[in-house]
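Have a look at the structure first, then read on.

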Amino acid sequence: MIPLSRPAFLGTELEYVGGILQAGTLSGLGPYTRRCEQWLEQFMDSGKAFLTTSGTAALEMAAMLADIQAGDEVIVPSYTYVSTVNAFVVRGAAPVFVDIEHDTMNMDATKVEAAITPKTRAIVPVHYAGIACDMDVIMAVANRNNLLVIEDAAQAPTSTYKGRALGTIGHIGCMSFHETKNFTSGGQGGAVLVNRDALVDRAEVIHDNGTNRARFLRGQVDQYAWQDIGSNFVVSEVLAAILWSHLEAADEISQKRHQLWSEYQQRLEPLAAAGYIVLPYIPLGSVHNAHIYYIKVRDPHQRKALIRHMKAQGITTAPHYLPLHSTEIGSSKGRFAGSDINTTLASTQLLRLPLYHSLSVQEQDKVVATISSFWG
Ligand SMILES: *Cc1c(COP(=O)(O)O)cnc(C)c1O
């Protein structure tokens with residue numbers, strides 16, 4: 001079977017992990033964590049990066065840092081992973097879903113302002129497939145209404161919007177280094193990018209169980225103590241070492257993924273021109289990271305048949321999210337603002353194709369040929 005995704009394996013992982021196991025300082029905030037954080041900070045204008053145990057944990061830490069309280073509202077797309085919303089719901093906030101754009105699958109920035117109420121605290125754009133939301137519009141709406149912007153850039157490391165890295169534009173950005181993402185810290189991992197200097201001190205405390213242990217480790221206090229809410233978001237050095245082997249090879253990994261992405265885009269164009277499928281759209285000013293390649297078919301019945309056709313040839317393809325507002329918990333915890341014109345429709349049309357670092361030319365040839373043969 002050709003899988004949908006496979007984590008990159010560079011070969012340096014074992015050496016780095018071996019070194020850390022021998023050194024015996026495993027519990028985090030060590031040299032590999034610092035190296036990974038500095039790699040992230042090279043894209044940031046200000047603030048600080050914190051590695052976290054997952055992208056979900058990054059979102060939870062962001063919600064704590066944003067001081068989200070019971071009764072608050074956050075504006076989110078419904079076409080996203082559960083944790084984009086759960087991170088705020090666990091703090092007692094209500095998600096207010098806005099529609100996505102059909103062509104990018106991203107939150108429609110022009111629908112955000114109408115969803116604001118006196119309870120709104122934050123806007124949480126999700127850069128689906130590593131393709132940028134319209135951040136100029138979102139930041140302008142946030143600034144006009146005094147709201148925080150927390151970017152779910154889980155899928156977007158190395159992507160940019162008008163030259164600025166995704167995850168570094170909002171007040172806070174969240175990334176994931178899960179096994180399925182472009183770079184992984186051994187299966188689970190993430191990062192919070194705190195993009196405003198004024199938020200950094202508190203973020204450092206929340207990141208380490210609500211204590212000032214980081215100041216203690218720097219010799220700034222004699223003893224560390226409980227200061228604030230927080231949790232253990234600190235990543236094991238063993239996992240940070242694996243992440244470093246991916247981040248230092250980020251250019252190589254990205255180049256390979258882009259090659260595969262562009263190959264799909266070129267070779268599936270005839271099917272798009274014939275009206276059978278719709279290809280991804282990259283808005284002007286957005287440079288993506290080739291995280292996901294997807295096509296859109298006309299309807300869910302056709303998608304089901306295509307998935308079966310691909311599977312019969314040993315190729316895994318998959319839809320993505322069930323819109324969160326259409327679940328029982330989604331409709332009881334939150335509400336949809338405005339009408340759902342694109343979210344549900346596009347969610348039934350989208351189909352992801354295999355895309356990963358070690359996907360071979362022959363395997364990709366087979367994927368393209370098998371899709372083409374479905375339409376005869
Ligand atoms: C992967 C992902 C997450 C969660 O990240 P984990 O590391 O799996 O916890 C959140 N939001 C989006 C959009 C994601 O793709």
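Contact here means heavy atoms within 4.5 Å. Helices are DSSP runs of H or I with at least four residues, numbered from the N terminus. This is a predicted model, where local features need pLDDT of at least 70, side-chain atom pairs count only at pLDDT 80 or more, and totals for chains, interfaces and linings use all residues. Residues are numbered from 1 along each chain as its sequence is written, and side-chain values use heavy atoms, with hydrogens and water left out.

**α9 and α14**
- L260, E263, Y264 and R267 of α9 meet Q364, D365, V367 and V368 of α14.
- By class, this contact of α9 with α14 has four nonpolar, one polar and three charged residues (Ala, Val, Leu, Ile, Met, Phe, Trp, Tyr, Cys and Pro count as nonpolar, Asp, Glu, Lys and Arg as charged, and the others, Gly among them, as polar).
- The axes of α9 (residues 250-267) and α14 (residues 361-374) come within 11 Å and cross at roughly 30°; axes are lines fitted to C-alpha atoms, for helices over the stretch in contact, with angles from 0 to 180 degrees between N-to-C directions.
- That makes α9 roughly parallel to α14 (angles under 35 degrees count as roughly parallel, over 145 as roughly antiparallel, 65 to 115 as roughly perpendicular and the rest as oblique).

**α11 and α14**
- For α11 (residues 300-312) and α14, the axes come within 10 Å and cross at roughly 135°.
- These two helices, α11 and α14, are therefore oblique to each other.

**The ligand**
- The ligand is surrounded by 17 residues, each with a heavy atom within 4 Å.
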